[in-house]
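Q: Could you walk me through reading a few local features, with the model in view?
A: Gladly; let us take them one by one.

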Amino acid sequence: MTKTTNSVTPDLMLAIDLGGSQTKAIGSVSHKNNFPTLLCMEPEIADVSVASVENYEKTKSGETDPENTCWVGIGEEYYAIGFLARKKYGGNSLLKQLKEENAVQKICGVLWVVSQKLKLMNKFTVSLAVLLPPSEYQDRERLESKLKQALKRFNTPTGEIRIKLVDLNVVPEGVGIYLHRRTILGTNIRNYNLAVVMLGYRNASVQISNKGAVTPGVSNTFGMSWMLDDFVRRCSGLSKDDPHLIAAVVAAGSECKSEVLATLSRRKSEAEILAEAQDMSFALKLSRDEYFRALVRWLLQEIPRDINEMILCGGTAEYLKPELEAHYSNIKLIWNGGIEIPPALDKVGMGVRLADVWALYQVLFGSGNLIAKNSSSATNNANSTVSGSKVVNLSSPKPKGFLEMPDRL
């Protein structure tokens, strides 16, 4: 983590979640009193040659948003980011690699896209917050060093960009939601044993707060990707790279509805499609059950028995909501920390998947309020109630004492 050594106000304030299924970023320009802007990009990345991007720029036609034409040149290396990497260069999301290994390229790409959307010049300053899995938190100094060097000068579709990193906060996933919940509890946090369970596409992470003292988090590869790997292995003709796969699996719900999964079939006759959809449904039920059992088996080893409440967050947690609520019926569950995503921010329907990065943005950069509708976000599984709406003013002094970051968090 970088400490602010001066009172320079950055041109751009940006929080980034380098998710396995989507890169999500929330930013705003300091001297403008505008509502924050949300950017979502595909997670794919592809290394390309200079000649390739030059040819792409010469031959492309039509008009599209900058997030769909993003590439960056860092030193002698060039990379297509997001939609361009997926559609033109056969890029992939590199789920088997550490997020930190590809973070610099993705962050540079996000910064270029945001600079286009917010109409920044090709030279500006930024205060940046980045979410990483707890298991990669120790890589923050390496990321900081590489990022500072890259931002000094890199190439983009609109020319060379120079960015000065005024401030960098690299924090474990779930920190934004935890800090929001701690703000709600106030001094009562000292009476709570609390677990933050973040279930994403790539990772599952756990943070534990014992009476206000937070232990280093842990993470594993039990994200939704683990289940999808197993599911496509059971089914003929399915590809994990199919952009429609996740949407269909989620839409099929806990019942694994065959009529929804039929949209994934490549068969021609209606009878074959229906038969294959039934096979898919059976395969998905097996994969979902085995995934859930593996996940809670791991959580059993990481979450102490004396937990008072558990915060469940992330898109995969929502997908497994029926099973999670049934399994943890004796624990008070707080879904997504009680955070509400403003409709003015979420114009693309990301929903609760924005909770962590939105909360982190508000804690570090926000001057507005977060509204926690606890009456609808808390599941009372332990004969205790959480009710009413509470407004949390995050422009008040920021919480301190989280892990090794007392100066910022």
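Q: Is N336 buried or exposed?
A: Buried means under 20% relative accessible area, exposed over 50% and partly exposed in between (1.4 Å probe, protein chains only). N336 has 4% relative accessibility, so it counts as buried. This is a predicted model, where local features need pLDDT of at least 70, side-chain atom pairs count only at pLDDT 80 or more, and totals for chains, interfaces and linings use all residues. Residues are numbered from 1 along each chain as its sequence is written, and side-chain values use heavy atoms, with hydrogens and water left out.

Q: Where is N336 found, and what is its phi?
A: Helices (H or I, at least four residues) and strands (E, at least two) are DSSP runs, numbered from the N terminus. N336 sits in the loop between strand 15 (332-335) and helix 12 (355-365). Its phi is positive, about 55 degrees, although N336 is not a glycine.

Q: How do strand 2 and strand 3 run?
A: Two strands pair if DSSP finds at least two bridges between them. Here five bridges join strand 2 (residues 23-29) to strand 3, and the two run antiparallel. T23 has M41 of strand 3 as its bridge partner.

Q: Why is strand 3 largely enclosed by the rest of the structure?
A: Four of the five residues of strand 3 (residues 37-41) are buried, so the strand is largely enclosed.

Q: Which residues is K24 in contact with?
A: Contact means heavy atoms within 4.5 Å. Leaving aside neighbours within four places in sequence, the contacts of K24 include L39, C40, M350 and R353. K24 belongs to strand 2 and is buried, at a relative accessible area of 5%.
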